Structures are given as C-alpha cells and as structure tokens.
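Have the structure open as you read.

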Amino acid sequence: MTAARLSGVIAAISTAVDKTGAPDTARCVALARHLLDNGCDGLNVLGTTGEATSFSLAERQLVMSAHHGAGLPLARLMVGTGAAAVSDAIALTRHAAGLGFGGALVLPPFYYKGVPDAGLVAYIKALVDATADQPIPIYLYHFPAQSGLPWHLGLIRNLREAFSGRIVGLKDSSGDLAYAKQAAAIAADFAVFPSNEACLIDARQGAFAGCISATANLNADLCARAYHSGDAAALRAAVTIRALFDGKPLVAGVKALLAHIHGDAAWAAVKPPLAPFPAADTAAVIAGYDATRGRRVA
C-alpha cells in the first residue's frame, strides 16, 4: 500500500440534495473544489455531515464517481464506506478503492449493539480481504453516540496487529479528547483526527494528524491559518463559528449557513429523517457568522 497518509484540515463535507432527494453531484463537486482551493488539505466525503447513511448504496457510489469524474485529487479525500450490511460496506469500499480515494472511513455495523470484538474483527476482515487487490487505507470512525459501538483502544490494537498496514487511522467524533490522545499514542504512524477544530494547535504540535470537522465547510481558511501558521486569532474565529451551532442540529445548520455563504438556497435541503434548520436559528447563525467574519482582520 503506497497511498500517502491524509493530514491537516479536513472538512466533513456536506452532500447537496436535489428536489427529489437525490444527491446533487454538481453542487457537491463545486463545494469540494471550493474547499480544497480555500484551506482544506483534504475532505471526508459521505460522513455524518454528508448524511451518508441516509443515501442508498447506489447513491453513495454515484457521489464517489462524481468526484472521480470531476478530476478532483482523490488521494486527498477519504470517503465513508461503513454500513450495517457487510455486503454493502464491501461494495462501497471496493468502489472507493477502484476509483482511487485516499482512504475508506469505516463506521462499525451499527444496528446490533453490544456485539463482541470478534464480530467487529470479522467485519473489518471482510473489508480487508475484499480489497486485498487494491488495498485502500482504512480509517476507523469512532462515533459511539451515533453508532452505539465504540472502536475501543484494545480493539484498535488487535485490528492493527491482525491487518498489518491496513488500519492507518481514526476519526474521533466522541468529543473525548483523552480517548483521542490515547488512540494517537497507539503508534506513531496511527493518524488520529478529532472532530473539533479547537484541537488544531495541538495537531500542529504533533498530538494529532489534524482534524475532520463539519464546520470546516464554513471556516476552512481560518482553520488552515491556525494549523499551518499557528495563527491563534484565526483559531479563535474558527472556534467561534463552530460554537454558533452549540445546542442546535449541526448537519442541517451547516447546510443552512452554506446556503447563505454561497448565495444558493438549495444547499439548505436535507434528507429525511433530518429536518431543515429552523428559521430563527438560521437567522441567529448567519448574524453570528457575519459578525465573526466582519471582526476578522485579513
């Protein structure tokens, strides 16, 4: 496996949907290109912010193929391929590998709770075996509040030992910074990405590989200044923008603010079971964002 490891500021990119609820691949590709040109070192396509589990297998493959067809630098992109059905996860991971994505971000199979480690090892083994001819790097996705299944530290060590060279990192959306630091300590070459840009100075100093953040859709330029230049003022502004969503639905909120930033109301649409961001919250978030940007000295 020769793929370069991902690092730095990575946006968990939103997925646009059209009036039928299908992925709007033209808007998706345009946003991806914009983010890569304006501060993002990489992108996480079809993660939680990208509403991956609300799309069908075919729709997820369509989104992947659109990024490939647009000539985007797929080596800088990881894509969510986890699924409740092992066969779906295999199909998605093989598709990602065949297109040349830089990594597969893998949720555990999330319906059954309390499963033994042996079951999760078998799930990962199925993905590793199915991509042996195109060994895409695998990043574990730790989000127990949503999946109900943690990638606990002992299990991560066992997976790395069992599948040498394939389990290269982890996205930690638990919000537990102590866990993230313990995971990062597993090995020097195990890339851990917390989900909050507040960690970027720590990442710059070597504690983490970077961050994978939903709000990097909105503040990637500021995140880049913090990570690459140690700009503390930029980090404060980036964190202020993220804090606008405290206590609010993050996925819908990010899309509502994207609609404002890009002057494109279509971005506010979400897939069921999510609901559109409330109008009052939209107004408050827009006001806070514009005020933060207005205070920022270039």
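Leucine 46 sits in the loop between β2 (42-45) and α2 (57-69); helices here are DSSP runs of H or I with at least four residues, strands are runs of E with at least two, and both are numbered from the N terminus. This is a predicted model, where local features need pLDDT of at least 70 and side-chain atom pairs count only at pLDDT 80 or more, while totals for chains, interfaces and linings use all residues. Residues are numbered from 1 along each chain as its sequence is written, and side-chain values use heavy atoms, leaving out hydrogens and water.

Leucine 46 is not a glycine, yet it has a positive phi of about 60 degrees. With 1% relative accessibility, leucine 46 counts as buried (buried is under 20% relative accessible area, exposed is over 50%, partly exposed is in between, with a 1.4 Å probe and protein chains only). Glutamate 51 lies in the loop between β2 and α2 too, and has a positive phi of about 55 degrees without being a glycine. Its relative accessibility is 3%, so glutamate 51 counts as buried. Most residues other than glycine have a negative phi, and most peptide bonds are trans. On the peptide bond side, the one from proline 272 to proline 273 is cis, with omega near 10 degrees. Proline 273 is in the loop between α11 (250-262) and α12 (279-295).

Now for the interior. A nonpolar core is a set of buried Ala, Val, Leu, Ile, Met, Phe, Trp, Tyr and Cys residues joined through side-chain atoms within 4.5 Å. The largest one has 90 residues, and Leu43, Phe101, Ile124, Leu140, Trp151 and Phe190 touch the most other members. Helix α9 gives the most to this core, with seven residues. A second, separate core of 14 residues includes Leu6, Ile10, Ala12 and Tyr139.

Take phenylalanine 190, in the loop between α7 (177-184) and β7 (191-194). Is it buried or exposed? Its relative accessible area is 4%, so phenylalanine 190 is buried. Setting aside neighbours within four places in sequence, its contacts (heavy atoms within 4.5 Å) include Ile156, Arg160, Ile167 and Val168.

At 90% relative accessibility, lysine 19 counts as exposed.

Finally, helix packing. The axes of α9 (residues 216-229) and α10 (residues 232-243) come within 8 Å and cross at roughly 150 degrees; axes are lines fitted to C-alpha atoms, for helices over the stretch in contact, and angles run from 0 to 180 degrees between N-to-C directions. The two helices are therefore roughly antiparallel (over 145 degrees; under 35 is roughly parallel, 65 to 115 roughly perpendicular and the rest oblique). Among the residues making the contact are Leu222 and Ala226 of α9 and Leu235 and Ile241 of α10.

Helices α3 (residues 86-99) and α4 (residues 117-130) have axes that come within 9 Å and cross at roughly 35 degrees. Their contact involves residues including Ile90 and Arg94 of α3 and Tyr123 and Leu127 of α4.
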